[in-house]
Amino acid sequence: MRHLLLPPEDPQVRTRSERLRALGIEARPDTELDAFARELAQRTGGCYAGVNFFLDADRQYFAGLYSAAQDTPVHVGSPLLQDPVPGRVMPRDIDMGICPHVVKRRRALVLEDIRDFPRFAGNRVVDAIGIHSYLGAPLIDSTGVVLGTICVVDQDPQPWGRKGLETIKSMAAELVERLEESARRRT
């Protein structure tokens, strides 16, 4: 029998939803965030990258998404990633990805070979996409709210190391600055 993992407690659900609305972030694809995801994948060497917002207690939304296999932003979904925009929405539970752990931890996470970490090795997304490495960082805004994550995955083990960690953290900070500046310009 497979052990089911429950989603982590998330005390920021309501605050996060309000903050995302204030920043103008909705459940819609964003070409600028797709380009950001592409740059993230290129800078880290991953085959998939995403800008992932936690819109509510039940779902994560990839406003920016990139797949190196197509060398274009992802617009087709897998059976695990379905909703109004295929490939963009995924349940928020722990058994459906690694980003919920990054949100809960409020710290970057480097998994050079997911198979070395039993907590993540049986994750449905890991199996469905065939990923073996993960690199992610939280998007923490100036008010201290974790809006979501940026992440990169690869189908091969990757020696992300300190360079990968520094890259993902600096790009997360850069993206938060962009989002907040864009919101200031709109008001």
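1. Serine 17. This residue sits in helix H1, which covers residues 13–22. The model is a predicted one. Is serine 17 buried or exposed? Serine 17 counts as buried, because its relative accessibility is 13% and the cut-off for buried is under 20%. Beyond its neighbours within four places in sequence, serine 17 is in contact with Leu55 and Asp56.

2. The helix pair H2 and H6. Two packed helices are described by the angle between their axes and the distance between the axes. Here the axes of H2 and H6 come within 11 Å. They cross at roughly 165°. H2 is therefore roughly antiparallel to H6, since angles over 145 degrees count that way. The crossing of H2 past H6 is right-handed.

3. Residues at the H2–H6 contact. From H2 come Leu33, Phe36, Glu39, Leu40, Arg43 and Thr44. They meet Thr167, Ile168, Ser170, Met171, Glu174, Leu175 and Arg178 of H6.

4. The largest nonpolar core. In soluble globular proteins, nonpolar side chains tend to be buried together. The largest nonpolar core in this model has 32 residues. Which members touch the most others? They are Val51, Phe53, Leu139, Leu147, Ile150, Ile168 and Leu175. At least two core residues come from each of helix H2 (31–44), strand E1 (48–54), strand E2 (59–67), strand E6 (133–140), strand E7 (146–154) and helix H6 (161–186). H6 gives the largest share, seven residues.

5. Setting aside neighbours within four places in sequence, leucine 175 is in contact with Leu33, Phe36, Val51, Leu139 and Ile150. Another core, of 19 residues, lies apart from the largest one. Its members include Phe54, Met90, Val125 and Val126.

6. Cysteines. A disulfide is a covalent bond between the sulfur atoms of two cysteines. How many disulfides does the model hold? The count is zero.

7. Cysteine 99 is buried, with a relative accessible area of 4%. Cysteine 151 also counts as buried, at 8% relative accessibility. Both values fall in the buried class because that class takes in relative accessible areas under 20%.

How values were computed: Residues are numbered from 1 along each chain as its sequence is written. This is a predicted model: local features need pLDDT of at least 70, side-chain atom pairs count only at pLDDT 80 or more; totals for chains, interfaces and linings use all residues. Side-chain values use heavy atoms; hydrogens and water are left out. A nonpolar core is a set of buried Ala, Val, Leu, Ile, Met, Phe, Trp, Tyr and Cys residues joined through side-chain atoms within 4.5 Å. Buried means under 20% relative accessible area, exposed over 50%, partly exposed in between (1.4 Å probe, protein chains only). Helices (H or I, at least four residues) and strands (E, at least two) are DSSP runs, numbered from the N terminus. Contact means heavy atoms within 4.5 Å. A disulfide is a pair of cysteine sulfur atoms within 2.5 Å. Axes are lines fitted to C-alpha atoms, for helices over the stretch in contact, and angles run from 0 to 180 degrees between N-to-C directions. Angles under 35 degrees count as roughly parallel, over 145 as roughly antiparallel, 65 to 115 as roughly perpendicular and the rest as oblique. A crossing is left-handed if the near helix is turned anticlockwise from the far one by less than a right angle, and right-handed if clockwise.
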